[in-house]
Amino acid sequence: MTTINRTRVLYCDLHGLPRGKYVRPAFAEGGSIGFSRDVFAVTLDRDLIMVPGTGVEEGMPNMNLVPDDTFRKSWQEGTNIALGDLYSGGEPFGLCARTSLKRAIADFESSLGLTPKVGIEFEAYAYQQDEDGVWRPYDTPGAFVYGTGPYNDPRGLMDALWNTALEADIPLESLNGEYDNGQFEMTLCFDNALKACDDAFLFRTMAREVAARLGLMLTFLPKPVPDRGGSGLHVNFSFLDKDGTNVICQDGKLSDLARRCIAGLIHHHESLSGLLATTVNSYERLVPASMAGYWANWAEDHRLVAVRTSTSSTHSARLEHRMADAATNPYLAVATVLHTARLGIGNDYDLPPEEDLDGLEQTRATRHVPSSLPRALDALAGNRLVQQTVGELLCAALIELKRDEAKRLSGKSADEIRDYYMPFI
């Protein structure tokens, strides 16, 4: 048995980065771990800006991570991992997306007697360095969609991810080559919503670190290669009632509850982009004729809509929200989807007819996501109900942080924007 000599304490910030520190195991087991709140005000190029809730103007006070009772296995020798919630002044910290997620879960459980179940799908591209040190797309000349094996992955990245995830108790459902060379799809197993997001956060962190050991860079950037497909974070979700019955489907058809969830997501479609697609590069992916949730529409088993439904099996019936991209904080993505689905249950929103056109050349939908990050943030800023539901302070901080980011990248080329993000995402 490996001796644990350190604990890696981790949380996910609004950039989606895995912030943390190594501590002695007894420190993590004994209470809370302190961090400076102003880390939420640090840009990707390490400038400190005035972001609501961060305390930059108040002397940069501490926040504390209170670890869960059970620690997670790590992929690093002699290390375990502590995840938990952030607190400030003894109260839940308003910038903690994990706390927002827990509120959404608690609301479904207490008000409706339902347990949210979530499954997350990631897409990502691998890059390799050439002799001059330039990062270029992973050389996979024999790759094809749904490809597996050495022709699809000559350096064995997927093998390493599968084996490492197994050792770290991160439950993968499947790995395969995606549509474009060097792109992969990575699907995690369905679980309770919080566990599923913890798994997704740890998997994305682990995957980039394992790739680095192989001399590769795995990027979850939404659109790293302009003329190839984008990388999404698809939020699949369903609900179990107190008897363990999946309530998304009844008698082979969508339940009224499921239809109301979809109505909520469609009604708030434009403003959700400010929470689910939070980089300038995100809007290279969110375009017409893409499998990215651009249009405000829904349909059964249709990959070019925002909300894809699946009712072929009562047991595995689910809704799939397809707008979020792989760079998004997974806690924030799932919290946003669940909170907005709950708004649909609690409000009398109209549900538009099911999309029945191809989505490539024709669609019946007329509404779509904004064309840029600044416009998406404006849409979010104008939707007070979504802000109140997801968390007003969290939304205010995200808007300020990402508006600054958009200004920094204004006028930059697609390559310059990619290079700004790719070392981190």
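Good morning. The model under discussion is predicted, so local features require pLDDT of at least 70 and side-chain atom pairs count only at pLDDT 80 or more, while totals for chains, interfaces and linings use all residues. Residues are numbered from 1 along each chain as its sequence is written, and side-chain values use heavy atoms, with hydrogens and water left out.

Strand E1, residues 6–12, and strand E2, residues 18–23, are antiparallel and share 6 bridges. Strands here are DSSP runs of at least two residues, helices (H or I) are runs of at least four, and both are numbered from the N terminus; two strands pair if DSSP finds at least two bridges between them. The hairpin has 5 residues between its strands, and Gly16 adopts a positive phi near 90°.

Two charged side chains come next. A charge sits over a ring when NZ of Lys or CZ of Arg is within 6 Å of the ring centre and within 35 degrees of the ring normal. Arg6 lies over the face of Tyr22, 4.0 Å from the ring centre, and the charged end of Lys21 is placed over the ring of Phe35, 4.8 Å from its centre.

Phe35 brings us to the aromatic residues. Together with Tyr11, Phe40 and Phe93, Phe35 forms one aromatic cluster. How many aromatic pairs does the structure hold? There are 11. Rings of Phe, Tyr and Trp (its six-membered ring) pair if their centres lie within 6.5 Å, and planes under 30 degrees apart count as stacked, over 60 as edge-to-face and the rest as tilted. Phe40 and Phe93 make an edge-to-face pair, 5.8 Å centre to centre with 70° between the planes. This pair links distant parts of the chain, 53 residues apart: Phe40 is in the loop between strands E3 (33–36) and E4 (62–67), and Phe93 in the loop between strand E8 (91–92) and helix H2 (97–112). Phe40 is buried at 2% relative accessible area, and Phe93 is buried at 5%. Buried means under 20%, exposed over 50%, and partly exposed in between, with a 1.4 Å probe and protein chains only.

A second pair is tilted, because the rings of Tyr138 and Phe184 have centres 6.3 Å apart and planes at 40°. Tyr138 lies in the loop between strand E10 (135–137) and helix H3 (157–167), and Phe184 in strand E12, so the pair ties together parts 46 residues apart in sequence. Tyr138 is buried at 3%, and Phe184 at 0%.

I turn now to the sheets. Four strands form an open antiparallel sheet in the order E3-E4-E7-E8, with E3 and E8 as edge strands, each pairing on one side only. Strand E7, residues 84–88, joins E8 through 2 antiparallel bridges, and Tyr87 stands opposite Pro92 in E8.

Finally, strand E19, residues 307–310. On which side is E19 covered? Both faces are: Val307 and Thr309 on one side, and Arg308 and Ser310 on the other, are all buried. Strand E18, residues 298–300, runs parallel to E19 and is joined to it by 3 bridges, with Ala299 opposite Arg308. Strand E20, residues 318–321, pairs with E19 in the antiparallel sense over 4 bridges, and His321 in E20 is the bridge partner of Val307. Thank you.
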